[in-house]
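Subject: Structure handover

Hello,

Here is the structure you will be working with. Please look through it first, then read the notes below it.

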Amino acid sequence: QSTWVSREINLAPCTDGGAGPPLYAEYTFIHPLALKGHRAALAPDWMLARQREFQRTRPNGVIYILTRLGRLPSLKITLTQLHKHFLMHYAYPVVLFHDDITAAHQREVQSAVPTLDIQFRLVNFSLPQFIDPASVKPTVSCPPVDNIGYRHMCRFHLFEAHSRLPEYEWHWRLDDDSHLTAPIGYDVFRFMQERKKAYGFLELVPESPGCIEGLFEFVQSLLPRPLSEYWWHQMHAAHIFYNNFELSHRSVWRSPEYTAFFNSIDRSGGIYMHRWGDAPIKTIWVGSSLPVEQLHHFSDIAYTHPPFVDRTAQP
């Protein structure tokens, strides 16, 4: 007994915080007997034209991850899930920043996801010349308390990551332990571009008070405009973007205003002396520089990243 084969494609997410259905869906019904013993027919001209137009107008986006040799098992899981749930339908490049992955291990990563367009870019982590090593305590009150490498990572994500991707307009950051656990079903880059968004996030999470000690007081005079009442409350409640999932337009981080903002924080030494993190610093900048209409909360993406986020997609 023959059966019908059906396919459903969700081409756009819910835009009202999960309260409504997808904007539209496409259905294709194919009877198996129509395929038996026949070669696949060429796509009609209208379909080919639509595909060419899609490629022509595809946003100039990239996914980037900071990783290292000891993290390869987790990284390969992340890339496999990323391919399965997004990149097999929307072919964007992936840039892997690292400081110690050999050529042989690069081939190992590529062989795990052979169809992905992966670029490896080397990073050199060291204290800035203007930081006195004697002033950097090996332990701080903010976890991880004794990890200088973590402070290097925070500084990298604040500025260098974006400056090292000048050829791309849209930057989607993930971590090497970020897990997409279900199909996304639409092009998140195109969504951001067509709706004129500038910053996309998944969650606001609490930050340890010890990690932002003195930060808010230091940056108030550096902000382009005062924080709104909403963001003022978020900062004082120590709520920040959980930015291991962060999709943003490069203009947010490459403007002269942000460069001056970052340089002031950088030269204060707070990143290394107090372990001011990239998440609270970026949250403060976004809250003071972007109108709320340019922010998007991705409530419809199934995503896991310990210790704060483990969720299924919201309908």
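To start with a pocket: α4, β6, β9 (204-206) and α11 (278-289) each give at least two residues to the lining of the second largest pocket. Helices (H or I, at least four residues) and strands (E, at least two) are DSSP runs, numbered from the N terminus. A pocket is found on a 1 Å grid over the protein atoms alone, as an open set of points where a 1.4 Å probe fits, with protein on both sides within 12 Å along at least five of seven lines; lining residues have an atom within 4 Å of a point.

This is a predicted model, in which local features need pLDDT of at least 70 and side-chain atom pairs count only at pLDDT 80 or more, while totals for chains, interfaces and linings use all residues. Residues are numbered from 1 along each chain as its sequence is written, and side-chain values use heavy atoms, with hydrogens and water left out.

Back to the pocket. The largest share of its lining, six residues, comes from α4. Among its 39 lining residues, Pro-144, Tyr-150, Met-153, Arg-173 and Asp-175 are the closest to the centre.

Next, the sheet. Seven strands make an open sheet with mixed pairing, in the order β5-β4-β3-β6-β11-β8-β12; two strands pair if DSSP finds at least two bridges between them. β5 (118-122) and β12 (295-297) are at the edges with a single partner strand each, so one side of each has no neighbour in the sheet. Strands β3 (residues 61-66) and β4 (residues 94-98) run parallel and are joined by four bridges. Tyr-64 has Val-95 as its bridge partner in β4.

Also in strand β4 is Leu-96. Leu-96 has a relative accessible area of 0%, so it counts as buried (under 20% relative accessible area, with a 1.4 Å probe and protein chains only). Leaving out residues up to four places away in sequence, Leu-96 touches Ile-65, Leu-75, Leu-79, Val-109, Ile-118, Gln-119, Phe-120 and Arg-121, where contact means heavy atoms within 4.5 Å.

Last, the cores. A nonpolar core is a set of buried Ala, Val, Leu, Ile, Met, Phe, Trp, Tyr and Cys residues joined through side-chain atoms within 4.5 Å. The largest one has 44 residues, and Phe-97, Tyr-199 and Ile-281 are among those with the most contacts inside it. Its largest share, six residues, comes from α4. Another core, of 38 residues, lies apart from it and includes Leu-79, Val-188, Val-205 and Phe-245.

Regards

Definitions and conventions
Buried < 20%, exposed > 50% of the residue type's maximum accessible area, 1.4 Å probe, protein only.
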